[in-house]
Amino acid sequence: METLRYEYPVSKPVKRRVHVGVVGSGDLEVLIEPVDGDTAQVVINTSVDGFGRVWKTVVDRFFTRFDGRVAIEINDFGATPGVVLLRLEQAVEELGQ
Amino acid sequence: MNAQTDWKGFLARRSFIELDARERTIALLDAGSFREIVGPFDRLKSPWLPMQGIVAQADDGVVIARGTIDGEPAVVAAIESAYQGGSMGEVSGAKIAGALELALRDNENGIRTRAVLLLETGGVRLQEANLGLAAIAEIHAAIVALRRHVPVVGVIGGMVGCFGGMSLAAALCSYLIVTREARLGMNGPEVIEQEAGIEEIDSSDRALIWSLIGGEQRTRLGMVDALVEDDATQIAKQVRTTFALGIPKAYRCEALDTYLTRIGEVDTSKQLTGVQLATLWGNKGDSK
């Protein structure tokens with residue numbers, strides 16, 4: 001198990017918090033909460049060690065399209081990058097922005 | 001399946017099994033009444049799993065919600081089977097026990113509160129050992145205390161089923177609703193195979209497993225109260241019909257003579273088939 005932390009500059013306020021997914025085999029849960037300030041904090045708890053570079057790429061890509069002032073917690077149980085992006089997009093859809 | 005398959009009904013149906021614990025809870029409560037308690041953002045998670053290198057889920061795999069059923073206050077506790085096999089740890093178990101105990105207090109104070117348990121669990125979480133077992137014992141005690149006031153309805157939707165200490169919780173419920181896909185038993189077939197060998201039971205033989213401990217067989221043997229399709233609407237309706245029955249006159253778990261006699265009739269030197277078991281036990285002498 002490994003914990004990864006990333007930060008991104010963001011500008012748009014977010015009103016709601018959102019929870020999607022489950023820490024099941026090949027899946028993950030995503031918790032998104034509004035924060036003050038211009039920095040989005042991402043914390044990833046993953047069951048698979050050594051994939052920091054892949055995670056960074058996936059989350060980098062997500063933040064090229066997302067600009068919300070949020071804290072994101074990801075609890076991962078071996079999801080593939082595609083599933084991770086789908087869950088993040090599902091969460092954003094439920095945020096309504 | 002009977003001779004004619006109702007394919008229109010089949011297509012129109014909304015699978016309960018495919019819903020996660022939170023969606024199942026929403027599907028059971030009156031529309032718009034779902035209010036989650038100790039949800040994922042409270043982050044009441046297992047302190048023990050990360051110490052053992054396992055990622056913890058923010059709600060420890062149990063959804064507790066208040067709402068109404070037929071307009072009457074209700075509490076639903078739902079186990080998420082996709083997280084650690086729906087296993088009961090210290091936190092997840094305490095959430096269910098706490099919810100039932102608060103419902104008990106409500107009922108004692110004259111606020112009638114119904115309880116529904118959505119049981120999808122392999123039983124105790126082995127990584128949390130005695131702490132999980134203690135929590136399961138608290139759940140048992142809370143069900144027995146609460147069912148004197150108001151029916152406690154258990155639902156096993158599938159596909160994990162309900163095993164171990166939580167199968168006792170299912171047996172203690174006032175009423176039990178299952179689907180064909182559900183399984184109910186003390187030791188799961190995988191555990192039996194692992195401990196006693198493939199000669200004892202072949203857990204990959206799905207037809208055999210379901211013929212012995214599947215929802216349909218358990219219904220045939222009088223160990224559950226209603227067999228329903230894997231349909232969220234039908235299950236929600238059945239929960240309401242079941243509550244309308246009120247508190248049962250007698251509980252299955254009190255019918256010790258019935259079940260001890262049944263066990264005595266089994267020749268354990270041979271593997272029984274589902275048909276043989278149904279013939280041997282064929283729904284006789286049940287208290288309800």
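Which residues in H4(B) meet which residues in H5(B)? On the H4(B) side they are B:Leu133, B:Ile136, B:Ile139, B:His140, B:Ile143 and B:Val144. On the H5(B) side they are B:Gly165, B:Met166, B:Leu168, B:Ala169 and B:Leu172. By class, the residues of this contact divide into nine nonpolar, two polar and no charged. The model is a predicted one, and this contact is a place to begin reading it.

Two packed helices are described by the angle between their axes and the distance between the axes. Helix H4 covers residues 129–146 of chain B, and helix H5 covers residues 165–172 of chain B. Their packing angle is about 5°, and their axes are 9 Å apart. Angles under 35 degrees count as roughly parallel, and H4(B) and H5(B) are therefore roughly parallel to each other.

Next comes the sheet of chain B. Seven strands form this open sheet, in the order E1-E2-E3-E4-E5-E6-E7, and the pairing is mixed. At the edges are strand E1 (35–37) and strand E7 (226–228) of chain B, each of which pairs on one side only. On average, neighbouring strands of the sheet are turned by 25° against each other, direction ignored.

Strands of a sheet pair through backbone hydrogen bonds, either parallel or antiparallel. Both kinds can be found in chain B. E1(B) pairs with strand E2 (residues 62–69) of chain B in the antiparallel sense, over three bridges. Within this pair, B:Ile37 has B:Ile64 in E2(B) as its bridge partner. E4(B) and E5(B), by contrast, pair in the parallel sense over four bridges. Here B:Leu117 stands opposite B:Gly154 in E5(B). A helix also lies against part of the sheet: helix H3 (residues 90–108) of chain B lies across E2, strand E3 (72–79) and strand E4 (114–118) of chain B, and runs at about 25° to E2(B).

Is strand E5 (residues 152–156) of chain B buried or exposed? Five of its five residues are buried, so the strand is largely enclosed by the rest of the structure. In a regular strand the side chains alternate between the two faces of the sheet. In E5(B), B:Val152, B:Gly154 and B:Ile156 are on one side and B:Val153 and B:Val155 on the other, and both faces are covered.

In an unreviewed entry, it lists residues 152–178 of chain B as "transmembrane region". In the model, this span is 30% helix and 33% strand, and its end C-alpha atoms lie 14 Å apart.

Further along chain B, B:Pro189 lies in helix H6 (residues 189–196). B:Pro189 has 23 other C-beta atoms within 10 Å, and 20 or more count as buried, so this residue is buried. Leaving out residues up to four places away in sequence, B:Pro189 touches B:Ile201, B:Ser203 and B:Ile209. B:Pro189 and B:Asp202 are 13 residues apart in sequence, and their C-alpha atoms are 7.5 Å apart in space.

Chain A has its own open sheet, made of five strands in the order E1-E4-E5-E3-E2 with mixed pairing. Strand E1 (2–9) and E2 of chain A stand at the edges with a single partner strand each, so one side of each has no neighbour in the sheet. From one strand to the next, the twist averages 10°. E1(A) and E4(A) run antiparallel and are joined by eight bridges. One of the pairings is that of A:Leu4 with its bridge partner A:Ile44 in E4(A). Helix H1 (residues 52–65) of chain A lies across E1 and E4 of chain A, at about 30° to E1(A).

A:Ser25 is found in the loop between strand E2 (18–21) and strand E3 (28–34) of chain A. UniProt, in an unreviewed entry, places the feature "modified residue: O-(phosphoribosyl dephospho-coenzyme A)serine" at A:Ser25. This serine is exposed, with 12 other C-beta atoms within 10 Å. Apart from its neighbours within four places in sequence, A:Ser25 is in contact with A:Phe77 and A:Gly78.

Finally, the two chains touch. In the model, 16 residues of chain A are in contact with 13 residues of chain B. On the chain A side, the elements giving two or more residues are E3, strand E4 (39–46) and strand E5 (70–76). E3(A) gives the most, with three residues. By class, this side of chain A has five nonpolar, six polar and five charged residues.

Note on methods:
Residues are numbered from 1 along each chain as its sequence is written. Chains are lettered from A and ligands numbered from 1 in the order in which they are written. This is a predicted model: local features need pLDDT of at least 70, side-chain atom pairs count only at pLDDT 80 or more; totals for chains, interfaces and linings use all residues. UniProt positions are given in the numbering used here, feature names are shortened, and annotations may be inferred rather than shown by experiment. Two residues are in contact if their C-beta atoms, placed from the backbone, lie within 7 Å. Two strands pair if DSSP finds at least two bridges between them. Axes are lines fitted to C-alpha atoms, for helices over the stretch in contact, and angles run from 0 to 180 degrees between N-to-C directions. Ala, Val, Leu, Ile, Met, Phe, Trp, Tyr, Cys and Pro count as nonpolar, Asp, Glu, Lys and Arg as charged, and the others, Gly among them, as polar. Angles under 35 degrees count as roughly parallel, over 145 as roughly antiparallel, 65 to 115 as roughly perpendicular and the rest as oblique.
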